[in-house]
Amino acid sequence: MESLKSKFTKLDKKKKAVVFAAVLIGIYLLISLFFQYHFFPGTEINGYSCGFHSVKKMKKTVEKSIKEYEITLSERDGKKEKITSDQVGLSFLDDGGLEKIKNNQKGYEWITAFFQKQDYPEGMTFVVDESAYTNTFNSLNTLDKEQVVAPEDAFSQYDETENAYHIVEEVYGNTVKKKKFYEVLENAIKQKQKEIDIDKEGCYKNPVYKNDSPEILKSNTLLNRYVSTDIVYDFDDRTQELTGKTIHKWLSVTDELKIKIDQKKVKKYISNMAKKYDTVGVKREFTSIAGNRVTVEGGTYGWKIDQDAEVSKLIKQIKKGKQEKRAPEYEHIAKSRKEYDIGDTYVEVDLGAQYMWYYKDGKTMVSTPVVTGDVSKGRGTPTGVYYILYKTTDYTLTGQGYESEVDYWLPFTQMGVGIHDSSWRNDYGRDIYTYDGSHGCVNTPLEAVKKIYNNIESTYPVVVHW
């Protein structure tokens, strides 16, 4: 049999266990009761560590921290600004949020709180005085117009010394997106953030195109191709060169970085070139075969640039970056492109002397008196520099009240004025044209016109002057 002492020992151990268990239960219940009125450990509300604190104490803590609160604004270029709670009227809105979080705790579950964190980033509500906030916001240095630098896109700039475009880097500036910044800053203050980086929050206006943007690189390449164009216009004894130093003045870049060639400026360039080099109808200083220095104006002979065709061709060549020597597109051409484009093969009709010469390759081949248009009847031969339109034989001249057969016909105006033989005449020269002149044509002795006919081709000039 067990001894009496042994029995008492066993009984004592049971009592101790019961007592220990009762103590543990009591402690657990006391702690549970404590957490009926206090936040669990690890509880964080709006960044505040609330563990072991009552709602009342947390409210006092929050109220105190609001008075000390300030937020730092980090701006571009290392600048900083601070805003205090007083400046924006920051306050804690006691809307029962803390009570709700605490009441949702089950005190007897306190032991689990040591193994998990309770985070309520929006458990408390903070508000600002909108009027005070707006006034403070509008007075920020970062919004001061005198200190604001607008963003600028990267762009291509022409360098005349190099005849090339170079990319100028973008400017970021410090212009704030005011509406977005207003909201971001207000939310940051309501969340009681200590600092806000305006740039990282995306509240600055930034340039659209950077120096390494594909669009910038592409447009800069195109611009350089365009100004690499080098067209040397060939006018025989003269040339005119068009280079990028002129072309770059015709170029512009759209907001979408598309390259535009100003067609009006191209047209003006070609128009000026035409004024300089076109010779149809221009005033010419002419030395007659007789040695007289005369001025001749008008007529249809000469050069005339086809301006529309040349503008179109030139624009295409600029886009390709062409380099070549060429003649412009012509609407009308003559026998010689030299500055003195009459050349050394032409017919000269001196109305005052009533004489005609055919000058071929620098030598006089035909010299003959003629009868020109009857000035008494208003049918004078038109002056100017014309050209042989065509030539034919056995031709019938017709007009109002007459019909004449001629062996050789060389017209030089579209109105039917030309050089031809006149079998009905026996006499030429002197003042016959004043009372018995032609209808405007140049009446010529048969042998003289025959020789001209056999030694001239169409397009050669005919100079008619007084």
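This is a predicted model: local features need pLDDT of at least 70, side-chain atom pairs count only at pLDDT 80 or more; totals for chains, interfaces and linings use all residues.
Which side chains meet in a salt bridge at 3.0 Å, N to O?

1. **An opening pair.** The side chains in question are those of R238 and D237, which form a salt bridge with a distance of 3.0 Å from N to O. D237 has a relative accessible area of 41% and is therefore partly exposed. As background, side chains of opposite charge can pair when their charged atoms come close. Searching the whole structure turns up 18 salt bridges, and the next points visit some others.

2. **D199 and R76.** In this salt bridge, the closest N and O atoms are 3.2 Å apart. D199 sits in the loop between β10 (195-197) and α7 (214-227), while R76 sits in the loop between β3 (70-74) and β4 (80-84), so the pair ties together parts that are 123 residues apart in sequence. Are the two partners buried or exposed? R76 is buried, because its relative accessible area is 11%. D199, at 34%, is partly exposed.

3. **E195 and K80.** Another salt bridge joins the side chains of E195 and K80, at 3.4 Å from N to O. Here too distant parts of the chain are linked: E195 belongs to strand β10 and K80 to strand β4, and the two residues are 115 residues apart. K80 is exposed, with a relative accessible area of 53%. E195 has a relative accessibility of 45%, so it counts as partly exposed.

4. **A salt-bridge network.** Which residues does a network of salt bridges link? The members are K59, D94 and E99.

5. **Aromatic pairs.** How many aromatic pairs does a search of the whole structure find? There are 21. Among them is the pair of Y158 and Y165, with 5.2 Å from centre to centre and 55° between the planes, a tilted arrangement. Y158 is buried, with a relative accessible area of 15%, and Y165 is buried as well, at 8%. A further pair is made by Y355 and W357: the ring centres are 5.3 Å apart and the planes lie at 40°, so this pair is also tilted. W357 is buried at 9% relative accessible area, whereas Y355, at 28% relative accessibility, counts as partly exposed.

6. **An aromatic cluster.** Which residues are linked into a cluster by ring pairs? The cluster contains F34, F35, F40, F52, W110 and F114.

7. **Backbone angles worth a look.** Most residues other than glycine have a negative phi, and most peptide bonds are trans. Q354 is not a glycine, yet it has a positive phi of about 55°. Q354 is placed in the loop between β20 (346-350) and β21 (355-360), and it is buried, with a relative accessible area of 0%. D361 is not a glycine either, and its phi is positive at about 50°. Where is D361 placed? D361 is in the loop between β21 and β22. With a relative accessible area of 54%, D361 is exposed.

8. **S376 and Y435.** S376 lies in the loop between β22 (363-369) and β23 (384-387). Its relative accessibility is 49%, so S376 counts as partly exposed. How far apart are the C-alpha atoms of S376 and Y435? They are separated by 6.0 Å, although the two residues are 59 residues apart along the chain.

Note on methods: Residues are numbered from 1 along each chain as its sequence is written. Side-chain values use heavy atoms; hydrogens and water are left out. Rings of Phe, Tyr and Trp (its six-membered ring) pair if their centres lie within 6.5 Å; planes under 30 degrees apart count as stacked, over 60 as edge-to-face and the rest as tilted. Buried means under 20% relative accessible area, exposed over 50%, partly exposed in between (1.4 Å probe, protein chains only). Helices (H or I, at least four residues) and strands (E, at least two) are DSSP runs, numbered from the N terminus. A salt bridge is a side-chain nitrogen of Lys or Arg within 4 Å of a carboxyl oxygen of Asp or Glu.
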